[in-house]
Structures are given as structure tokens and as C-alpha cells.
Amino acid sequence: MENEREEGIGEIQIANEVVAAIASIAASEIDGVETMSGNIKNELVGRFGAKKNAKGVKVTVDDNEAIVDIAITMKYGYSIPETSGKVQERISQAINEMTGLTCDKVNVTVVGVSLPKE
């Protein structure tokens, strides 16, 4: 599904995959986030040429409002509530700045913690 808006002399369409990629990149900018994590279907699709930027991210856009569901793996030693809050804020800000969409919700699921490398 694509987000469509009438602007000036024509129409602007933003694919949900683009919004998902923005969310993924924004989340990866936060200290404490190791990786985005997808389910097995996303892992297989990623191996066969689909875009990996949006792995572990689902976006729904309705009436210029985005809802983002993201699954992340955290680095060991970081506060999960604090880091997740920063992820929510950064994703919402990035989507708004880059697309003009309002980010209604950013749901963060922490699916793992990476152990320190020895």
C-alpha cells in the first residue's frame, strides 16, 4: 500500500517500504540498538534479494498517519526502557521530517540482547 497526497501540480506517493527503511535507519542511529530483527519469512525474503533496510519493521499508513512496529536486538548493558524510548522518538522525528507524515505510534519489541564480544 502506498501513501498518496495531492501536492501542488501533482500527486506524491510514498511506498510503505520507504517509510519502513527510514524507521530502520533511524533506529540503528540510537546507541544500544544492535540490529533490527525480522521473523523467519523476512529473513528468507532478505536472502533472496528483497531490501534489507526494513528488516524487522512493519509500517501501516492511514490518512497521513503512520504506525510503526519494529523489532530490535539490544546491546547488553543498555537500559531497555530508555533506549526504546529514544528509538520511538527518533523514528517519529525522522518519518515526520522526511515524509511529512505524523507518526501516530511506534511500537518497539525487544526480541534479544547481544552479549559483549570478548
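Colleague: Over how many bridges do β4 and β5 pair?

Modeller: This is a predicted model, in which local features need pLDDT of at least 70, side-chain atom pairs count only at pLDDT 80 or more, and totals for chains, interfaces and linings use all residues. Residues are numbered from 1 along each chain as its sequence is written, and side-chain values use heavy atoms, with hydrogens and water left out. Two strands pair if DSSP finds at least two bridges between them; strands (E, at least two residues) and helices (H or I, at least four) are DSSP runs, numbered from the N terminus. For β4 and β5, the pairing is antiparallel and the number of bridges is six.

Colleague: Which residue in β5 is the bridge partner of T60?

Modeller: The loop between β4 (57–62) and β5 includes D63, and β5 covers residues 65–75. Across the antiparallel pairing, the bridge partner of T60 in β5 is I67.

Colleague: What phi does D63 take in the hairpin of β4 and β5?

Modeller: Most residues other than glycine have a negative phi. This hairpin has two residues between the strands. D63 is not a glycine, yet its phi is positive, with a value of about 50 degrees.

Colleague: Is N64 buried, partly exposed or exposed?

Modeller: N64 is in the loop between β4 and β5 and has a positive phi of about 60 degrees although it is not a glycine. Buried means under 20% relative accessible area, exposed over 50%, and partly exposed in between (1.4 Å probe, protein chains only). D63 counts as exposed because its relative accessibility is 67%. The relative accessibility of N64 is 31%, so N64 counts as partly exposed.

Colleague: In which sense do β5 and β6 pair, parallel or antiparallel?

Modeller: β5 also pairs with β3 (residues 33–36), in the antiparallel sense over three bridges, and there M36 has I72 as its bridge partner. With β6 (residues 102–114), one of the facing pairs is E65 opposite T102. The 11 bridges between β5 and β6 run in a sense that is parallel.

Colleague: Is S114 buried or exposed?

Modeller: S114 lies in strand β6. It touches E34, T73, M74, K75 and Y76, leaving aside residues up to four places away in sequence, where a contact means heavy atoms within 4.5 Å. Because its relative accessibility is 19%, S114 counts as buried.

Colleague: What is the area of the nonpolar surface patch that includes Y76?

Modeller: Y76 sits in the loop between β5 and α3 (80–99), and it counts as exposed because its relative accessibility is 56%. Accessible areas come from the Shrake-Rupley method with a 1.4 Å probe, and for residues only the protein chains shown count as cover. Together with I80, V113 and L115, Y76 makes a patch of about 430 Å².

Colleague: What share of the residues in the chain is buried?

Modeller: The chain has three helices and six strands, in the order β-β-α-β-α-β-β-α-β. Helix α1 holds several buried residues, among them V19, I22 and A26. Of the 118 residues in the chain, the buried share is 36%.

Conventions: Patches are made of residues with over 30% relative accessible area and no salt bridge: like charges are joined within 9 Å, nonpolar side chains (Val, Leu, Ile, Met, Phe, Trp, Tyr) within 5 Å. A salt bridge is a side-chain nitrogen of Lys or Arg within 4 Å of a carboxyl oxygen of Asp or Glu.
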